[in-house]
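Work through the exercises below with the sequence and the model side by side. Try each task before you read its solution.

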Amino acid sequence: MNHYETVFILNPVLSDEQIKETVKKYEEFLVSKGAKMISKEDWGLKKLAYPIQHKKSGFYHLFEYTAPGETIEPLELAFRRDERMMRYLTVRLDKHAIAWAEKRRKRIQEKA
């Protein structure tokens, strides 16, 4: 099982209900493929550095999870096929990145 982080940007014209539905869809997709969710973060609506699909903002979300390596390809294929998805990035975390992610989660919990 590898440790992954996926950040994705959803289209800003979606309603709150559509955003929740999309996030839940991909969370369930990962769990069905054997992934264990560690953390989910909703970063909200953010301005983009450059326009994507003629949009200047998007809804950012982050998933942190452990999963078998063969889970990533079908996930990214589903991302490419979904018109609600503007961009995504999945990275495998090494031991240093995992430690940094744990510190980030602790800081977020302390602020809440």
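## Exercise 1: A strand residue

Thr 66 counts as buried, at 17% relative accessibility. Buried means under 20% relative accessible area, exposed means over 50%, and partly exposed lies in between (1.4 Å probe, protein chains only). The model is predicted: local features need pLDDT of at least 70, side-chain atom pairs count only at pLDDT 80 or more, and totals for chains, interfaces and linings use all residues. Residues are numbered from 1 along each chain as its sequence is written, and side-chain values use heavy atoms, with hydrogens and water left out.

Task: Find the strand that holds Thr 66, then list its contacts.

Solution. 
- Step 1. Thr 66 lies in strand β3. Helices (H or I, at least four residues) and strands (E, at least two) are DSSP runs, numbered from the N terminus.
- Step 2. Set aside neighbours within four places in sequence. Thr 66 then contacts Met 1, Asn 2, His 3, Gly 34, Ala 35, Lys 36 and Ile 38. Contact means heavy atoms within 4.5 Å.
- Step 3. Take Ala 99 for a distance check. Thr 66 and Ala 99 are 33 residues apart in sequence, and their C-alpha atoms are 14 Å apart in space.

## Exercise 2: The whole chain

Task: Describe the order of helices and strands, then the dimensions of the chain.

Solution. 
- Step 1. Count the elements: three helices and four strands.
- Step 2. Read along the sequence. The pattern is β-α-β-β-α-β-α.
- Step 3. Check the extent. The C-alpha trace spans about 40 × 35 × 25 Å along its principal axes.
- Step 4. Compare with a globule. For 112 residues a compact globule would have a radius of gyration near 13 Å, and the chain agrees with its 14 Å. The radius is taken over C-alpha atoms, and the globule rule is 2.2 Å times the number of residues to the power 0.38.
- Step 5. Look at burial. Of the 112 residues, 42% count as buried.

## Exercise 3: The cores

Task: Which residues touch the most other members of the largest nonpolar core?

Solution. 
- Step 1. A nonpolar core is a set of buried Ala, Val, Leu, Ile, Met, Phe, Trp, Tyr and Cys residues joined through side-chain atoms within 4.5 Å.
- Step 2. The largest core has 18 residues, and Phe 8, Leu 10, Leu 30, Phe 63 and Tyr 65 touch the most other members.
- Step 3. Trace the suppliers. β1 (2-10), α1 (16-32), β3 (55-67) and α2 (72-81) each give this core at least two residues.
- Step 4. Look for another core. A second, separate one has five residues, including Ile 9, Leu 48, Tyr 60 and Met 86.
- Step 5. Follow Tyr 65. Beyond four places in sequence, its contacts include Leu 30, Ile 38, Ile 72 and Leu 75.

## Exercise 4: Positive phi

Task: Are Gln 53 and His 54 buried, partly exposed or exposed?

Solution. 
- Step 1. Gln 53 sits in the loop between β2 (36-52) and β3. His 54 is in the loop between β2 and β3.
- Step 2. Gln 53 has a positive phi, near 55 degrees, without being a glycine. His 54 is not a glycine either, and its phi is about 65 degrees.
- Step 3. Gln 53 is partly exposed, at 41% relative accessible area. His 54 is exposed, at 80%.

## Exercise 5: An arginine in a helix

Task: Is Arg 104 buried or exposed?

Solution. 
- Step 1. Arg 104 belongs to helix α3 (residues 95-111).
- Step 2. Its relative accessible area is 9%, so Arg 104 is buried.
- Step 3. Leave aside neighbours within four places. Arg 104 contacts Glu 5, Glu 41, Leu 62 and Glu 64.
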